[in-house]
Amino acid sequence: MRLVQKELESAWGVKVFDRYSVVLHIFRFNARTKEAKLQIALAEIPYLRSQLKNEVAHLDQQGGGSRYIMGSGETFMEVQQRLLKERELKIRGVLEKLRRKRQLLRTKRKRREFPIISVMGYTNCGKTTLIKALTGDSGLHPRNQLFATLDVTTHAGLMPSRLTVLYVDTIGFLSQLPHNLIESFSATLEDVTYSDVIVHVRDISHPESTNQKVNVLNVLQNLQLPTQLLDSIIEVHNKIDLVEGYQHTDPNAVAVSALHGLGMQELKEKIEEAVLQATGKLILTIQVDLAGPQLSWLYKEATVQGIDVLPEDGLANVRVIISSSAYGKYKKLFQP
Ligand SMILES: Nc1nc2c(ncn2[C@@H]2O[C@H](COP(=O)(O)OP(=O)(O)OP(=O)(O)O)[C@@H](O)[C@H]2O)c(=O)[nH]1
Ligand SMILES: [Mg+2]
């Protein structure tokens, strides 16, 4: 491997990198959070190990690699191996701590009962742009480069019925991503298991779009997600503005241009429908007596969307989004 690299370098007169180190370079350049940086440091270790082997083989040719380091009883190779092992353990320890913290956030999020929508797809397909268009979050920075997003981030958005949902921006897919990288980055895909709905974004202008779809679905299948979640994936055909005479033939997909804000209303409606289905939430209009405790109860236990006061008899029609369990409680309490 190294040898081929050296030969190519001298033949072409430029530096040569393999796929693994190119991806590592991009990741390192784009990592923002501590967790992403640590994931990369971890992914780097197998690479450093193989480099070490090459170096030692090289030293051995000069009769130096397996020599003992003064007084330590360890060879150069053994010292380096041990240091790498220590480094690996340390990184894994810190990552584990961060992971526990994330789990805590996750349970908190669950308690607050905001539906979670994971946005997935190939790198550069427009996930961040789409979330930006859906939420109006100006803190999001889509970029025309591979792996612009390396950290799983969450963004609040409103559904047509004014239900608040959380969109999770995920790390993009890449064909033939080096195996070790997948391993350490699959940790960041873990969150997907806890989402209520998955939005699968496809760059429909990409020549490899069909293969990409197959790969994404394969990876999702391997994450062992609940079947209900797998079955309710919403497919989005993005970048239709780049496809001349785009024909929308797939009735199960929503065609959009995230960049130009096309198709957002239809997509939001589709997402809302899936969210209500997945979370067992209902949209109801309930008539309440304004003198009673019902309205404040509903404010506490459900999402109140609007109130129509009927002046004649102190009643109001209240439109709410309510979980079926909360509605059960409501009926028990106020409509016995
Ligand atoms: N023409 C066009 N360009 C788009 C559209 N959506 C996104 N893009 C562009 O595609 C590029 C990538 O967009 P991102 O939103 O960063 O893609 P991503 O899927 O988040 O990429 P990663 O974070 O790298 O996985 C940017 O230059 C966007 O402006 C679209 O509907 N039409
Ligand atoms: Mg992104």
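Biologist: How many residues lie between S2 and S3 in their hairpin?

Modeller: First, this is a predicted model, where local features need pLDDT of at least 70, side-chain atom pairs count only at pLDDT 80 or more, and totals for chains, interfaces and linings use all residues. Residues are numbered from 1 along each chain as its sequence is written, with chains lettered from A and ligands numbered from 1 in the order in which they are written. Strands here are DSSP E runs of at least two residues and helices are H or I runs of at least four, numbered from the N terminus. S2 and S3 pair in the antiparallel sense over six bridges, and the number of residues between them in the hairpin is five.

Biologist: What about Asn124, buried or exposed?

Modeller: Asn124 sits in the loop between S1 and H5 and also has a positive phi, near 75°. Because Asn124 has 21 C-beta neighbours inside 10 Å, it counts as buried.

Biologist: Which strands stand at the edges of the sheet?

Modeller: Two strands count as paired if DSSP finds at least two bridges between them. On that basis six strands make an open, mixed sheet in the order S2-S3-S1-S4-S5-S6. One side of each edge strand has no neighbour in the sheet, because each has a single partner; these are S2 (153–158) and S6 (253–255).

Biologist: Which residue in S3 stands opposite Ser118?

Modeller: S1 (residues 116–121) and S3 (residues 164–169) run parallel, joined by four bridges. Val119 stands opposite Asp169 in S3. For Ser118, the residue opposite is Val168.

Biologist: At what angle does H7 run to S4?

Modeller: Axes are lines fitted to C-alpha atoms, for helices over the stretch in contact, and angles run from 0 to 180 degrees between N-to-C directions. Contact takes C-beta atoms, placed from the backbone, within 7 Å. H5 (residues 127–135) lies across S1, S2, S3, S4 and S5, at about 165° to S3. H7 (residues 209–222) touches S1 and S4, and its direction makes with that of S4 an angle of about 155°.

Biologist: How many residues are in the largest nonpolar core?

Modeller: A nonpolar core is a set of buried Ala, Val, Leu, Ile, Met, Phe, Trp, Tyr and Cys residues joined through C-beta atoms within 7 Å. Those with the most contacts inside the largest one include Ile117, Leu130 and Ile271. Ile271 touches Ile117, Met159, Val197, Val199 and Ile234, leaving out residues up to four places away in sequence. The residue count of that largest core is 30.

Biologist: Which element gives the largest share of the shell around ligand 1?

Modeller: A residue is near the ligand if its C-beta atom, placed from the backbone, lies within 6 Å. Of the 23 residues around ligand 1, those that come nearest include Gly126 and Pro142. The largest share of the shell, three residues, comes from H5.

Methods: Two residues are in contact if their C-beta atoms, placed from the backbone, lie within 7 Å. A residue is buried if 20 or more other C-beta atoms lie within 10 Å of its own, exposed if 12 or fewer, and partly exposed in between; C-beta atoms are placed from the backbone.
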